[in-house]
Amino acid sequence: MNPLLRRLLIFVALAGGGVFVLVLLSEEDKRITTRVNRLDDVVGSDGMVIESTAGEAVKIRFEETEFDILEPVEVSPGVFENRAVYRLHMVTGGPGEDSTFEALQPRLEFLDTATGLPTGDYIESAHAVFYLEESVAGDVRVDPTALSAEHFTLTGDVRARLPTSSGPSADLEADAIDVDGPRIVAYGLVKWSRPDVSVEGLNMTWDETSGRLGFERDARLAMSGTADRGGWELFAPGGLTGVIPPGSTDPVKHSTWELRGMVTGTGPGGTRIGAHTAWFDGPASTVTLDGESVLEQDDGEDLVRVEASHLTVQQTEDGRVALAEANGNVHLLSEPFAILPAWMIGESVTMKGSHVSSPDASSWTSEGVTTTGEGMTYDRETGVLEFDREAEVAVEEGDLTGLRLTAPGGMTWTVPPRASDAAADAVGQLRGQVTGRLPDGSEFSSDVLLFEGPDRRYTLEGDVEIRRSVGVADQRLSARHVVVSTDEGGRLAALSATGDVVLLSSIVHVLPTRIETQRLDIEGQVARSPELVSWHRGDMLVVGKGMRYSEAEGRLDLDQDARIRVFEARGAASTGDAPPAGDAATTSEIDASQGLTWNFPPGSLRPLADGSGELRGLVRGRTADGLELQAEKLLLDGPTGHAVLLGAAVVDFGPLDDRTHLSSDHVDVSLSDGERILRTDRPAQFSSGRLSGSSDSLELVETTGAVTLGANPSLRVLDAAGAISLVLDATAGLTGILPPGADDAEAASSWHVIGDVEALLADGTRVEADEVKLARGGQDITLLGRSRYGRDDDQGGRALSATGGIRVQRDTAGALLWFSADGQVEGTSWSTGVGAARLRFAGDSAIMDRAGGVTTLSGESVIERSLGGATSRIRANRSLVVLSDADDRFLRVDAEGEVRCNVGEYETRSDSLAWDLEADLAILDGNCMLLAMGMWVPARQVILRPEAKTFEIKGRELHVDDAR
C-alpha cells in the first residue's frame, strides 16, 4: 500500500511514552452530567477537554497537538513492525458524527520509516475528517487500530507535497480532497504539480497504486521539456485522464494521457494542437488527436497547420514534433509554402519531420493554387510535392487564374523555398495522359508535361495535342514534343512543336487549314517552320520549306522548294482534315524553288480562288487541264483569274502531242468568262504544232486560238516533214487564229500581219506588203497596201507587185493556185533551161487562175514575153487575158482597148487582140495598124502568124501613101 494512503490519519494521539487511539463510546440511553476534565499532562499537547451536558452526547476536544503515526511496515518477508510513518499537527480537533474525528488546520508530515525523520512531504488544510474503524458503546479507550488510515477528507485550502513512486514529489492544491485507500479525489480548482508534470483543473482523481490521474473538466496539463525533449502545455475543457506508471524513471516519457473537450495546447518547437480528444502516449512518443483535430507548428519562420478528423503526432528523439498521420477530411496549411500559406485537404496524412505523405486522395491549396491527387508526399524544406496518381493543379487566383492541369499518372510539383507565387515560381512534372487548360482557354494533352513557372514554359512529351483560339481562329495541334511559352498572364504566347506535327487551324464554319511538318514554331498568331511543311486547305495543298503562316492575316510564306497542288475533286469535297486521295481528284501542280507568298481572306472557303500571291525561283507548274508553265517568278491572283510569269517565262498548253508554247520575260495568263488569255508586253516567242513566232508583245486566247503579236512580229510554219513552209516578219503587229482542236491547226490557222511585212514561203516565194493576211495555214495570202509576191530559184522565178494589194491562193504543198492584185500591178515569171521564157506583165489589177491557166489584167495593162533573145509585148488599156500552161508558158492572149502588140518582127495596134500562141495565130480587130516593111498598114482586121512571119490584112488596101 502506498505510504501516503496508508499513513493518512487514523486520529493518533501521543500520550506519555505510548501511542493511543481515542475512541468515544456511548449508549443512547445513558445520560452524562456536565463535567470538564482537562488532561494537561498529555505529552506533546495542550491538553484534551471532555465536555458533556445533561441529555447530550459526550464531547471531547483536543487542543493543539502533534502525533507520530504508527503503521505496520513489512521489515522482512512476512514480518511487520509498527513504525512511525508521519507526524500530524492540528490546532484543535475532536470526535465528529458517524464515527469520525474532525481536525482544524491539520498538517501531516511524512516520515522516513527507517529513520523516523521527516521526508519534507506534507498535507495541510483548514479542516479534516477522519473515519474510525470501530465503535464500542459505553466505554472510552485508547487503541492504535481503532482509526482508519485509508479513508479521510480534507477541506478548505488544501495544500500538499505528496511523495510519488515515479519521480519528484507532487504539490497539490485543492478546495477539498477525499482519501479512500490509494485513491484521492480532489474537489474544486485543483493544482497537481511537480517539476516535470503539472495539472490544473476541476475535481481531480489520483490513484497512487496505478499512477492514474484524472480531472473532471477545465484541465490544464503542463509537461516540462528536457535537454533532448520539448514540453507541452495543454488545456482540456472536458477534463483529462493520465497514467504515470509507478517506478518509472522518466514519468513524462513513460506516461499516457487522455484529454477531452475542445483540447488546445502548445508543444515543442512552437507546436500547437487542438481536438475534441487528445491522447498522449509517452512510450510511443505520440500524440493522437480525434474530432476536428488541429496541429500547428511555428518556429518563427515556417508555419505548418494540419486539420483532420484524426491526427497522430510523433515526437522525435531530438524533441521535435512532427505529424505522423492524419485521417478524415485532412487540411494541411504550410506557411510558407515557399513564402505563401498552403492548405492540404485529405483523408489520411502521415508526417515525419518535414516530410508529409498521404496514401489517399488529398489536395493542397496555396494563394488560389490547388493541387490534388492520390498517394501524396511533400517535403516542406525543399518544397517538393508529389502525387502518385490522379493529380491535378488548378489556379483560381493570381496571374495564372484559370490554369488547370490533370495527370492520371501522378506529378511532381516543386515550389522553391522563399518563392513568391505557388504557380508562377513552381516547377513540375506531370505524367500519364496529362490534360490541361491555360488561363486563355487553351487546352492540351500529352503523356508527360514539364511545367517551368519561372520561365513561364510548359514542355509536353508524347502524343501531344493542343487546342486553342487565336483571334477568330480555332487551332488544334498534335506532335510528339511541344514547348509552350506563356506571357505574364499565363496566356499562350508561343510554342515550338517537333515530331509528326499536325496543325488544324480554322475560323468558325470554315474548312480548317491543315499543316504537317516535323517542326513548327507558333508565336502569337503566326506559325513558322524551317522544315519541310505540308499546308492544306479545301482544294489547295502547299508543300515547301521555311514556312511562315498567319491564319488571322490569311498569309502563307515558304522560303524554298514550294509546291502548290490544287485538287479538283471528282467525288466528295475535301473536309480539310486530309488531302483527297489521288484517285479521287485531278490536280494542278506548281513548283517554286525559292518559295512562295500567298494571301487570302481569312474566312475564305477557297484560298486559291479567293487569294493571290507570288512564287519565286525556278517556277514550274502544270494545271489539271494541261497548261504547263515555267518562270523565275509567278504572280497569281485568284479573284481576277490572272497569273503573271516573270523572267524566262514559258507557257505550254493544248494536246500533249501538239502543244502550244509561249515564252517571254513577262507573261500574263488570265481566265475570264471561261476564256484563258495569255498576254505579254515584252518580247515573246511562241509555237503551236508546226507554227512558231515571236514579237515585242503577244496576246493569245487559248479557247478560241486567237493570237495577237505586237511590234516586230515573226512567224514560222513547218510542213508535215518539218521543213519551213512559211517565214513571216513584220514591224507593226500580227493577229491570227489557231483553231483549238483542229486536226491540222496550222492548215486551219489564219493570220493578219501589218507593218512592213516580209514573208518567205516554202517554195521560195517572198512576200512583202504593208499588211498580210494568211488563212488556212498560209494557203490563202492577202497582201494589203504596197505589196510584192515573188520567187527566185534555180528553176526560175515569179514576181508580183502591186500598190493596192495582192491576194494569193496556194495548195497544201505551197504551189500557187490563184492570185489577184490591184493598183499598179507588175509581175514577172521566168524559167531556166531549154525553151525557158521570161514573162512580164503589168496592169491596174491582175487575176490569175493557175489551175485554169488564165491571167487577167485590167486597166492599163502590159504583158511581155522574152524567149531566145526575142521579146513579145502586148499592151491594152482595158484588159489583158492570158491563157498559160502549168509551166507558165503562154498559150493564148486576149486583149481589149487600144491594144498594142510587139511580136517578132511585127508591131500592131488594134481595139482587140486574140493570140493563140500554140497555133501561131494572132487576130487583131478594129482600127488595126500593122507595121510591116517599114510602114504602117491600116486595116479592119489583121491576121498575124508571128512564127511563120506572115500576116493577112482585111478591110484595107495597101497604098504607098500609107507607108509614109
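Q: Is D218 buried, partly exposed or exposed?
A: Keep in mind that this is a predicted model. D218 sits in strand β17, which covers residues 212–223. Buried means under 20% relative accessible area and exposed means over 50%. D218 has a relative accessible area of 35%, so D218 is partly exposed.

Q: Which strand holds D756, a residue with a positive phi of about 50 degrees?
A: D756 isn't a glycine, yet its phi is positive. As for where to look, the strand runs over residues 750–761, and its label is β54.

Q: Is D756 buried or exposed?
A: The cut-off for exposed is over 50% relative accessible area. D756 comes in at 52%, so D756 counts as exposed.

Q: How many helices and strands does the chain have?
A: Let's step back to the whole chain. Its 964 residues include 48% that count as buried. Among contacts with a separation of 6 or more, 41% are between residues 24 or more positions apart. As for the elements, the chain has 5 helices and 70 strands.

Q: Which residues have the most contacts inside the largest nonpolar core?
A: This core has 200 residues. Strand β66 (residues 890–903) gives the largest share of the core, 6 residues. The residues with the most contacts inside the core are W192, W257 and L477.

Q: Which residues does W192 touch, not counting residues up to four places away in sequence?
A: W192 is among the residues with the most contacts inside the largest nonpolar core. Leaving out those up to four places away, W192 touches A170, D171, L172, V197, S198, V199, M204, W206, L213, F215 and I244.

Q: Which residues lie closest to the centre of the largest pocket?
A: The largest pocket has a volume of about 730 Å³. Several elements give two or more residues to its lining, among them β39 (555–569), β40 (585–592) and α3 (607–610). There are 27 lining residues, and the closest to the centre are S588, L608, T623, L671 and R676.

Q: How many nonpolar, polar and charged residues line the largest pocket?
A: Here the lining is sorted by class. It comes to 14 nonpolar, 6 polar and 7 charged residues.

Q: What is the volume of the largest cavity?
A: Rolling a probe the size of a water molecule over the atoms shows where empty space is left. The count comes to 6 cavities of 30 Å³ or more. The largest cavity has a volume of about 120 Å³.

Q: Which element gives the largest share of the lining of the largest cavity?
A: Of the 10 lining residues, the closest to the centre are S829, L839, F841, M848 and T855. The largest share, 3 residues, comes from β61.

Q: Why does the pair of F444 and Y458 tie together parts that are apart in sequence, and how many residues apart are they?
A: F444 and Y458 form a tilted aromatic pair, 6.1 Å centre to centre with 55 degrees between the planes. F444 lies in strand β32 (residues 443–452) and Y458 in strand β33 (residues 457–470), so the parts that the pair ties together are apart in sequence by 14 residues.

Q: Which residues do ring pairs link into a cluster with F444 and Y458?
A: The structure holds 10 aromatic pairs. Both F444 and Y458 are buried. The cluster also takes in W413 and F451.

Q: Is the pair of Y906 and F951 stacked, tilted or edge-to-face?
A: Planes over 60 degrees apart count as edge-to-face. The ring centres of Y906 and F951 are 5.7 Å apart and their planes are at 80 degrees, so the pair is edge-to-face.

Q: Is T371 buried or exposed?
A: T371 is found in strand β27 (residues 369–379). Beyond four places in sequence, its contacts include W364, F387 and W413. T371 has a relative accessible area of 3%, under the 20% cut-off, so T371 is buried.

How values were computed
Residues are numbered from 1 along each chain as its sequence is written. This is a predicted model: local features need pLDDT of at least 70, side-chain atom pairs count only at pLDDT 80 or more; totals for chains, interfaces and linings use all residues. Side-chain values use heavy atoms; hydrogens and water are left out. A nonpolar core is a set of buried Ala, Val, Leu, Ile, Met, Phe, Trp, Tyr and Cys residues joined through side-chain atoms within 4.5 Å. Buried means under 20% relative accessible area, exposed over 50%, partly exposed in between (1.4 Å probe, protein chains only). Helices (H or I, at least four residues) and strands (E, at least two) are DSSP runs, numbered from the N terminus. Contact means heavy atoms within 4.5 Å. On a 1 Å grid over the protein atoms alone, a cavity is a set of points where a 1.4 Å probe fits but cannot get out, and a pocket is an open set with protein on both sides within 12 Å along at least five of seven lines; lining residues have an atom within 4 Å of a point. Grid points are joined across faces, edges and corners, and a volume is the space filled by probe spheres set on the points. Ala, Val, Leu, Ile, Met, Phe, Trp, Tyr, Cys and Pro count as nonpolar, Asp, Glu, Lys and Arg as charged, and the others, Gly among them, as polar. Rings of Phe, Tyr and Trp (its six-membered ring) pair if their centres lie within 6.5 Å; planes under 30 degrees apart count as stacked, over 60 as edge-to-face and the rest as tilted.
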